[in-house]
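Trainee: I've got a structure to look at and a few things I'd like to ask. Could you walk me through it?

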Amino acid sequence: MQRRALVIDTQPWVARHLETLCKPHDMQVDYAEDQQCLWAHLKNAQEPCILFMEVGRDPEIALDVVRKVRSSAPAISIVLTAANMDVRIAMEAARLGARDYLQKPFHAAQVEDILQSLKTSAVAEPPVCSPAMPAEQPPVVATTKNKKTVEESLGGGYVFLALAPAMQLLYEKALAIAPTDVPVLITGESGVGKEVVARLLHRKSRRSRQELVKVNCAALPNDLLESELFGYEQGAFTGAVRSKPGRFELSHQGTIFLDEIGEMAPPLQAKLLQVLQEGEFTRLGGRTSTKIDTRIIAATNIDIEDCIRQKTFREDLYYRLSAFVLHIPPLRQRKEEIPYLLELLARQFVESAKVSPVAFSSDLITLCLEYDWPGNIRELSNMVKRYLVLRDEDQMKVDLESSIGLRRAAVENSQSGTGMKNIVRGLKDHAETNMIRDALEQSHWNRRAAARNLNISYRTLLSKIRQYSLEAGTRRAG
């Protein structure tokens with residue numbers, strides 16, 4: 001029996017556009033001009049498998065329709081569309097059981113992902129009426145000086161903190177899109193907490209009972225990354241003595257987090273695009289395709305659009321991944337969170353390393369607020385660990401004052417092109433040297449462990465050690 005889609009929209013072109021997209025999926029599209037026609041259609045026609053419905057001028061009417069359809073026909077997948085996304089409405093729609101919330105004009109890739117997920121589901125399960133919430137530790141929301149603070153434990157030592165307005169907005173957006181199955185691209189500088197946001201999305205999704213599988217695309221050479229992602233059959237290459245499932249298979253019915261996806265080679269990008277388009281892949285050395293049902297979350301700290309212009313990243317893959325983009329601002333743009341982060345990071349390290357707590361003086365906190373933290377939260381975390389281990393506040397102040405002095409010198413030389421470049425390069429090298437040294441000291445100079453902690457490849461770490469002449473026993477920069 002041919003599957004059907006029902007489109008309710010005041011603009012007929014939307015139905016025509018959706019009909020074009022649904023046709024390759026052997027799906028018939030019916031059209032109604034308003035929500036009042038929905039009930040007559042459901043009564044007199046075959047029940048559709050998916051409903052695309054415009055929110056309209058009164059969002060409460062649309063939400064009431066979602067509520068009634070989920071009650072009377074729970075097998076129907078509901079996708080709301082609107083010219084302007086309202087985060088509150090999106091969150092409430094997701095809570096009521098809507099599958100997605102698309103902002104018009106939407107990309108064809110977004111609709112394709114939704115239709116493909118319907119097609120590849122072996123057994124259609126109606127979406128639950130609310131996103132999976134961890135019962136043991138709900139988010140802590142406090143109000144201080146008219147500012148709302150969100151602190152939510154995500155397990156495994158990961159905590160999402162939102163005090164700055166930009167982070168609170170990001171939290172609301174994450175809650176709105178988490179229950180959907182569309183891909184999400186997380187952007188931001190290195191160390192801002194992209195994995196924390198990925199874990200928040202997974203924790204609030206309908207897939208939260210399954211695994212979140214993480215793959216660092218920059219940590220492995222391309223040939224190893226391909227076998228890690230897609231697995232291999234026995235005899236696929238020298239040393240493949242037995243078959244091995246890849247990360248995509250391990251993430252079936254769960255979520256896969258592709259960190260530093262901008263580092264992925266173009267041939268692998270093409271294979272990833274196939275997974276997004278077809279919901280299937282082939283193991284290395286395999287002859288048959290494997291169907292997969294997984295939600296993809298990707299992250300990068302590089303300018304993907306610039307990579308597209310340079311032909312190092314596929315444009316079609318970018319549009320597949322960027323149905324929703326969550327940008328995490330750097331720590332220097334949300335410094336009001338630093339005192340809270342200091343307390344949080346110290347508490348975590350005290351519990352994990354079994355060290356005695358040490359208070360942060362007001363002078364030290366003031367210096368932390370003055371510093372720009374080019375390494376973001378990762379650099380702040382390293383500073384906290386160093387402070388709790390060495391318990392030398394004077395040295396911490398010297399390190400911070402040195403870094404702040406370099407930044408001020410860069411500002412003072414901003415009018416001099418060559419001078420500015422030299423100062424900025426010195427500031428970058430100073431921060432990078434200290435971050436690498438921290439990672440090496442914490443891993444007892446186990447270079448492979450340090451590379452993993454820094455989220456860089458082992459080869460890159462060796463290069464940096466040579467560049468900065470680092471070895472055990474050398475003095476800290478600054």
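Predicted model: local features only at pLDDT ≥ 70, side-chain atom pairs only at ≥ 80, totals over all residues.

Trainee: Okay, in what order do the 5 strands of the open sheet come?

Mentor: The sheet is open and its pairing is parallel. Strand 10 (212–216) and strand 15 (324–327) each have a single partner strand, so they stand at the edges with one side left without a neighbour in the sheet. From one strand to the next, the twist averages 20 degrees. Reading across, the order is 10-11-14-9-15.

Trainee: Which residue of strand 14 is the bridge partner of Leu 258?

Mentor: Start with the pair of strands: strand 11 covers residues 255–259 and strand 14 covers residues 295–300. They pair in the parallel sense over 4 bridges. The bridge partner of Leu 258 in strand 14 is Ala 298.

Trainee: At about what angle does helix 7 run to strand 9?

Mentor: Helix 7 takes in residues 194–203, and strand 9 is 184–187. The helix lies across strand 9, strand 10, strand 11, strand 14 and strand 15. Its angle to strand 9 is about 155 degrees.

Trainee: Is helix 8 roughly parallel or roughly antiparallel to helix 10?

Mentor: Two packed helices are described by the angle between their axes and the distance between the axes. Here helix 8 (residues 222–230) and helix 10 (residues 266–278) have axes 11 Å apart and pack at about 15 degrees. Angles under 35 degrees count as roughly parallel. That makes helix 8, relative to helix 10, roughly parallel.

Trainee: Which residues of helix 10 make that contact?

Mentor: Helix 8 passes helix 10 in a left-handed crossing. From helix 8, the contact is made by Asn 222, Leu 225, Glu 226 and Phe 230. On the helix 10 side, you'll find Leu 268, Lys 271, Leu 272 and Val 275.

Trainee: How far apart in space are Glu 228 and Arg 283?

Mentor: Glu 228 sits in helix 8. Leaving aside neighbours within four places in sequence, Glu 228 is in contact with Leu 220, Lys 244, Gly 246 and Arg 247. Arg 283 is 55 residues from Glu 228 in sequence, and C-alpha to C-alpha the two are apart by 10.0 Å.

Trainee: Last one: is Cys 22 buried or exposed?

Mentor: The structure holds 0 disulfides. Cys 22 is in none, and its nearest cysteine sulfur, that of Cys 49, is 8.2 Å away. Buried means under 20% relative accessible area. Cys 22 has a relative accessible area of 0%, so it counts as buried.

Methods. Residues numbered from 1 in each chain as written. Heavy atoms only, no water. Pairing = 2+ DSSP bridges. Helix = DSSP H or I, 4+ residues; strand = E, 2+ residues; numbered from the N terminus. Axes fitted to C-alpha atoms, helices over the stretch in contact; angles between N-to-C directions. Contact = heavy atoms within 4.5 Å. Disulfide = S-S within 2.5 Å. Buried < 20%, exposed > 50% of the residue type's maximum accessible area, 1.4 Å probe, protein only. Parallel < 35°, antiparallel > 145°, perpendicular 65-115°, else oblique. Left-handed = near helix turned anticlockwise from the far one by under 90°.
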